[in-house]
Amino acid sequence: MSPELGQVALILALLLSGLQCLLPIIGAWRGSKPLMATASTLAIGQFTFVAMAFGILMWAFATNDFSVAYVAQNSNLSLPLFYKLAAVWGAHEGSLLLWMLILNLWTVALVAFGNRLPEAFFSRVIGVLGFVSFGFLLYMITTSNPFGRMLPAPGNGADLNPVLQDPGLTFHPPTLYMGYVGFSVAFAFAIAALLGGELKSTWVRWARPWTNAAWGFLTLGIVAGSAWAYYELGWGGWWFWDPVENASFMPWLIGAALIHAQAITDKRDGLRAWTLLLSIFGFAFSLLGTFLVRSGLLTSVHAFAFSPARGVFILVYLAVVVGGSLLLYALRAPKVTGGKSFALASRETLMVLGNLMLTVACAMVMLGTLYPLVGEALNIGRISVGPPYFGPLFMLLMTPLVLALPFGPLSRWGKADLTVWKRALARIVAMAVAAGIVGFLFGARGWHQLLGVTAATWVMAGVLFFAIKRWREAPRGKRYPFEMLGMMLAHFGIGVFIAGAILTRSMSVEQDVSMKPGSSVGIGPYAFRFEGVRELPGPNYRAEQGTMVITRDGAPVATLHPQKRTYTGGQVQTEAAIQAGVFRDLYVSLGDPLGDDAWSLRVYDKPFVRWIWGGGVLMMLGGFAVVLDKRFRLKRVEETETIRPHPAPATPRKLAEGEA
Amino acid sequence: MNEVARKPVARFVPLIVFAALLVFFVVGLAWNQDHNASFVPSPLIGKPAPAFRLPRLAHPAQFVSKADLLGKPYLLNVFASWCFACGDEHPTLMAYRDKFGIALIGYDYKDTPQAARDWLQRHGDPYREVITDQSGDTAIDFGVYGAPETYLIDAKGIIRYKHIGPLTPDVIAKRLEPKIRELEREGT
Amino acid sequence: MNPVRKRRLIVTLLILGAVAIAASLSVFALQRNMTYLYSPSEVEAGKAPAGHPFRLGGIVLEGSIHRVPGTLTTDFVITDRFDNIPVRYTGILPDLFRVGQSTITTGKMVGGTFVATQVLAKHDSTYMPPQVAQAIARARAEHRIPPQAGHGGAR
C-alpha cells in the first residue's frame, strides 16, 4: 500500500474535521436540523480516514518499507514483528497519529452512545471535538508528516530505540493517550454547554461517565509507565517527578478533582462554574502535557527531539483552544450562586476540600515543572527542580485529603450527621492503631513504616466501615450501585497505594555490589549467589546474561537472569530480572564488567512495591465501574426540557448519605 | 459582596492567569530557539577551516590535506563507530548521499580504523572519502564538541555552516540544503 | 450579612488562606531544592556554590575513565573543552555513559574533586542535552575564543 495514500487520507480527514467543526455548530446555532444531522456522518467519515492512515503506517512497518523516513528511523529488519507494530508510536510523528486515532475513537464512541442527547447539544459537542481534531491534523500535516519519503530507500532501518523495546511501551502510550484525549469529551461537553447557554447542570450528568472512563485510562497509562520505568530503567525506581511524568500527573490530579466536582454539580446543582472551569483545565493540562513533551522546552528522560516549529504550533494551538475556552467561560459562565445550600460539616465541604487540595497539588507540580522555564526566561541560569521539592510537598498537601477521605462518603449531602462521624472516627482510629501495633509486632520499625501502615489502614478501614454500614442499612439489590462501587474501589485503591508507596520507600534494601562468580551477598533473610555471566544471542541484540541464585535459609527461592543487551545500532540497554511477589520484589540488574570476571550489580529487596500499581489498578477499576451505573444511561431527553430530571429517591431520606 | 459588580471581573481571572503563563512559554520558547544546541553559533563560521593533514581510512599510509579538497565545496561529517547518535544519523546519510550535490567526506573521530571499517561495512558507506583522526587533535582545531557534527566547507576552504547533532531529513531540507544552494549560486 | 453570605465568606477566606499557605510553602521549598547547572569553566571560575550540591554538565573526557580496583568507584573527567573537572562516583553508571558523550552529574565539590551522587546519561536519541551544549557555548563565549584557537583551554 502506498504511503502517499496515507497522506491523502490525512488530508481528507483534515477537510472532514473542518466540516465537522463548522456544520453542526452552525446547525445548532441556526436551529437547522439537516446541518445538525451531518455531525455523526462527518465524525464517522473522519474516523475512517484517520484509521486508514494509521493502518497504512502500520502496514509500512510490518512490510519493512524503509522508503518511508519514519519507518527507516524507527524500525529494523531484525526487529520482532510485535515491536515493529508498536514502533508505529515509538516516536513523534506516529505517536501524534495515535493521538488522532484515539480522539476519533472517543468521538465515534460518543456518536454510538450519545445519540440520545438533545440534538443541538450533541451537535455542539461533536463540533467542538471536530475543532480539536482539526488543529491536531493541521499540526501533523504541516510539521510532522509520518509518511515522508526517503529516497532512495536505505537497505535497513536505524532500529527502534531499545529503551522502547519492551511490552510496557506497547501499552503505555495508547492507554495514556486514551486518558489525555478522553478529557476532550468532558471539555467538549463544557464548551457545548457554554456555547448553547445550557448552564443548568444536565450536561454534567451526561459528561460524568466519560470523565470517569478517561480518568480510568489515564490511571492505567500512568501505572503502565511507572511499571515500565521500574523494569526498564534498571534502577528500580517507580516515580521520578520527571517533567514528562508530571505532564501526565497534572491532568490526573485535575481529573480526580473534576470527577468529584461533577458529582456535586450533578447531585446538588452546586459548583457549576467550578466544574466548567475544571473541565477546561483537565483538557488544557492534557494539551500542556503534549506541548511540554513535544516542544522540547523541558528536557527530560524521554522528551522527544527538539523542534521549534512544532513548539510554536502547539503553543498557538494551546492559546487558541484554552484561551478561547477561558474567554468563553469569562463571558458566559453561570453565577456562583445557585445549588442547594450546605452546612460546614457536610459531604460538599469535604469534597470541596478534596478538590482544593488536588488543584493546589496540581499547581504545585506545575510550578516545579515549569520553574526551570521561568529561570531561563529571566536569565537566572539553568535550574532543575528535583524530587526533594515534589515529594515532601505532595505528601504535605495530600495529608488533609487522606485524613478526610473516609468521612466524605460517610457524610450526608447538605449536612453531615455528626454522630455517624464520631462512631466512624472511633472505629477507624481503633483499626488504624491496631494495624500499627500489628505492624510493630511483625517487625515494622521506624516512624515511616508505622505511618505507612496506619495511614493505609485509615483509608481502607474507612471504606470498609462505609461498606458495612451500607450493607446493613440499604435494601438488598440497592446496596452498591456501580457509581458507589467505583468510589469504594478507587478509595480503597488509594489506601493500597499509600501502603505500597510508603512501605517500599522505608523498607527497601538497595545495594550496589561488586561480585565475582561464586560469591554471595546477603540482603535480609535472602542470600544472592552470583554464578557469572555468559553471552546470549537475541533477535536484534547480543546479550550478556548473568545468573543469580537466590536462597532463603538454604532453600532455593528463585534463579534470576538479568541482561545487558547491545543492540545492532550499538545502543546498550539493561534488562533487570525481577522475582515478583505480593509482599516483595527481589530485583537484580547487571552493571558493568569490572575485569577479572567480576561485575557490578544492583541487588534490591523491594517489599510491597506491587501495591503501588495494585492501588493504581483499583483506582482505574473504580473509574471504569462508575461508567456502568444505570443513572448515566441516557433516556430520550426532550429538547425543550430545561429542568434536570430528578430521579425518585430510591431509598428513604435517612440513607441519603449513602448516595455516592 | 456586591455580586453584580464583582462577578464579571472574577470570571476573567483564569484567562488572565493563563495569558501570563503563555507569555512565559513564548519567552521560554524564543530563548530556547536562540540557545539550542543545534544553533550554537560556531566561532569558525565564515572563517577558513583549520589546516589539516589526516590519513585516509582506506589507505592509512596516504594522507589527505585541506589543500587537496580545495576547489569544490564539500560536507565534512564527523562520526565514530562508538557514537550512538551516529547510528541514528546513518540511514539519513545513506539516503541523501547522492542528493547533496556535493561530496560527503567522513571524518572518523577518535576511533580505531578497524572499528570504523567494520562499522561502515555493516551499515553501508555513504562517504566519498573518509579521513581518520585517532587522536582528536585536529578536531579541537575544528571546534568539534562531539560526534556527529557536520561542516559545510566551500571551494575556498571556508566553513559556511555547521550542524551539531545528527542530520535529519528535516534539518537537511530546512537548513543544510539552502546553504548548499547558496554556494552553488555563488559558484556559477 | 445573611447566613448564606457569611458562610460563603468564611469558605472563601479559608480557601484563600489554604492556597496562600500552600503557595508560600511551595516557593520556599522551590528555593531550597533547585539546583543549578554549571560547566567546568564556570566551576573553575568559582561560580558554583561551595559546599552546596549543584549539577555539573559536560563531556566525558576521552581516556579519563578509571575504575578503582575492587570497588564500584569510578573516576573520570568532565570537560567543556576549556576546563576539566575530575569527578568521582561510587555506584553503577548508566548504560549510555561512555567517553565522548555528554552527561550531567549531580553532587558537590570536595577539595578539587566533584563527588557525584548521581550520573545521568540521556537515553533518547538526541545528541546532547541542550543544557550541556549551552554551558559549553557559554564557556566559549566567556573565553572569547578567537576562531583559530578553539583548543586554547583544553589542557
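1. A crossing is left-handed if the near helix is turned anticlockwise from the far one by less than a right angle, and right-handed if clockwise. In this predicted model, helix H1(A) passes helix H6(A) in a left-handed crossing. Helices are DSSP runs of H or I of at least four residues, and strands runs of E of at least two, numbered from the N terminus.

2. The axes of H1 (residues 3-30) and H6 (residues 119-143) of chain A come within 7 Å and cross at roughly 150 degrees. Axes are lines fitted to C-alpha atoms, for helices over the stretch in contact, with angles from 0 to 180 degrees between N-to-C directions.

3. In chain B, five strands form an open, mixed sheet in the order E5-E4-E3-E6-E7; strands pair if DSSP finds at least two bridges between them. Strands E5 (129-133) and E7 (159-164) of chain B are at the edges with a single partner strand each, so one side of each lacks a neighbour in the sheet. E3 (residues 74-79) and E6 (residues 149-153) of chain B pair in the antiparallel sense over five bridges, and B:Val78 stands opposite B:Glu149.

4. Chain C averages a pLDDT (the predictor's confidence in each residue, from 0 to 100) of 74. The model scores ipTM 0.76 and pTM 0.82.

5. Residues are numbered from 1 along each chain as its sequence is written, while chains are lettered from A and ligands numbered from 1 in the order in which they are written. In this predicted model, local features need pLDDT of at least 70 and side-chain atom pairs count only at pLDDT 80 or more, whereas totals for chains, interfaces and linings use all residues.
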